[in-house]
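Trainee: I am new to this structure. Please take one part of the model and go through it closely.

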Amino acid sequence: MPVSDRPLFEALEGLRGSGKTTVAPLLAAARGAVLVPTVPPSYHPLRQEVDLRESVEARMCFYLSALFTATVEIRRHLTSGTPVVVESYFARCIANHHAFGARLGITLPPDLPQPVMYYLWCAEEERERRLAQRAKPISRWDVLSEEVSPLITAAYTGFPMRRIETTGRTPEQVVRQILTAEQEGETPRARYL
């Protein structure tokens, strides 16, 4: 089917504190889309165990497995004509783990669903303020991601994404900005190969 006839598949990417978790359900509601978790609920108990370990390769493989499992659900929705939004997709896993020092060479299947990706970003002071307001535990991987955030940002540049600034904007304003960005022209779909 032509690209324009496919149901919309969108992914929000970006550093911790950029607004992905807050914006994703609002974007899904605005699109009439399904919000698919890219770490399925059945993975959560093991996720905690994997995140306690120090092997970046083991962690990367775990998150790749979760993403491939989520992709089954994503394909099902897209095949039935239902648009899909995800908080992040393969780009985040690859960018983060590359910055963490993973040495695995990853070649993803060419028939992987290719989302339109939006890279959410904000001023560093605001991002740090948002992170300080979070009420969830901070893992060693969260700490590491802050230490290597410039490397994560650099790794993200290898993916075609439309940049969406979230500094000083409400989540609703960010969603409107995404909707406007789509109307302004073609936003490239991801290519992971």
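Mentor: Start with a pair of helices: the axes of α2 (residues 44–52) and α3 (residues 56–79) come within 9 Å and cross at roughly 160°. α2 is therefore roughly antiparallel to α3. The crossing of α2 and α3 is left-handed. From α2, the contact uses Leu46, Arg47, Val50 and Asp51; from α3, it uses Ala58, Arg59, Phe62 and Tyr63. By class, this contact of α2 with α3 has five nonpolar, no polar and three charged residues.

This is a predicted model: local features need pLDDT of at least 70, side-chain atom pairs count only at pLDDT 80 or more, and totals for chains, interfaces and linings use all residues. Residues are numbered from 1 along each chain as its sequence is written, and side-chain values use heavy atoms, with hydrogens and water left out.

Some terms come next. Helices (H or I, at least four residues) and strands (E, at least two) are DSSP runs, numbered from the N terminus. Axes are lines fitted to C-alpha atoms, for helices over the stretch in contact, and angles run from 0 to 180 degrees between N-to-C directions. Angles under 35 degrees are roughly parallel, over 145 roughly antiparallel, 65 to 115 roughly perpendicular, and the rest oblique. A crossing is left-handed if the near helix is turned anticlockwise from the far one by less than a right angle, and right-handed if clockwise. Contact means heavy atoms within 4.5 Å. Ala, Val, Leu, Ile, Met, Phe, Trp, Tyr, Cys and Pro count as nonpolar, Asp, Glu, Lys and Arg as charged, and the others, Gly among them, as polar. Buried means under 20% relative accessible area, exposed over 50%, and partly exposed in between (1.4 Å probe, protein chains only).

Between α2 and α3 there is a loop that holds Arg53. Arg53 is partly exposed, with a relative accessible area of 49%. Setting aside residues up to four places away in sequence, Arg53 touches Arg140 and Trp141. Arg53 and Arg140 are 87 residues apart along the chain, yet their C-alpha atoms are separated by 9.4 Å.

Nine of the eleven residues of α4 are buried, so α4 is largely enclosed by the rest of the structure. The buried residues are Phe90, Ala91, Cys93, Ile94, Ala95, Asn96, His97, Ala99 and Phe100. Their cover includes β1, α3, β4, α6 (140–147) and α7.

Take α3 as one of the covers. α3 and α4 pack at an angle of about 175°, with their axes 10 Å apart. That makes α3 roughly antiparallel to α4. α3 brings Val56, Arg59, Met60, Tyr63, Leu64, Leu67, Phe68 and Thr71, and α4 brings Phe90, Cys93, Ile94, His97 and Phe100. This contact of α3 with α4 counts ten nonpolar, two polar and one charged residues.

Then α7. The axes of α4 and α7 come within 8 Å and cross at roughly 135°. α4 is therefore oblique to α7. The crossing of α4 past α7 is right-handed. Ala91, Arg92, Ala95, Asn96, His98, Ala99 and Phe100 of α4 meet Leu151, Ile152, Ala155 and Tyr156 of α7. This contact divides into eight nonpolar, two polar and one charged residues.

Phe100 sits in α4. Phe100 is buried, with a relative accessible area of 14%. Not counting residues up to four places away in sequence, Phe100 touches Val56, Arg59, Trp141, Leu144, Ser145, Val148 and Ile152. After α4 comes Gly101, with a positive phi near 105°.

Last, the core. A nonpolar core is a set of buried Ala, Val, Leu, Ile, Met, Phe, Trp, Tyr and Cys residues joined through side-chain atoms within 4.5 Å. In soluble globular proteins, nonpolar side chains tend to be buried together. The largest core here has 39 residues, and Ile74, Val86, Tyr89, Phe90, Ile152 and Tyr156 touch the most other members. β1 (9–13), α3, β3 (84–86), α4 (90–100), β4 (116–121) and α7 (149–156) each give two or more residues to this core. The largest share, ten residues, comes from α3. A second, separate core of 15 residues includes Leu12, Val23, Ala24 and Tyr118.
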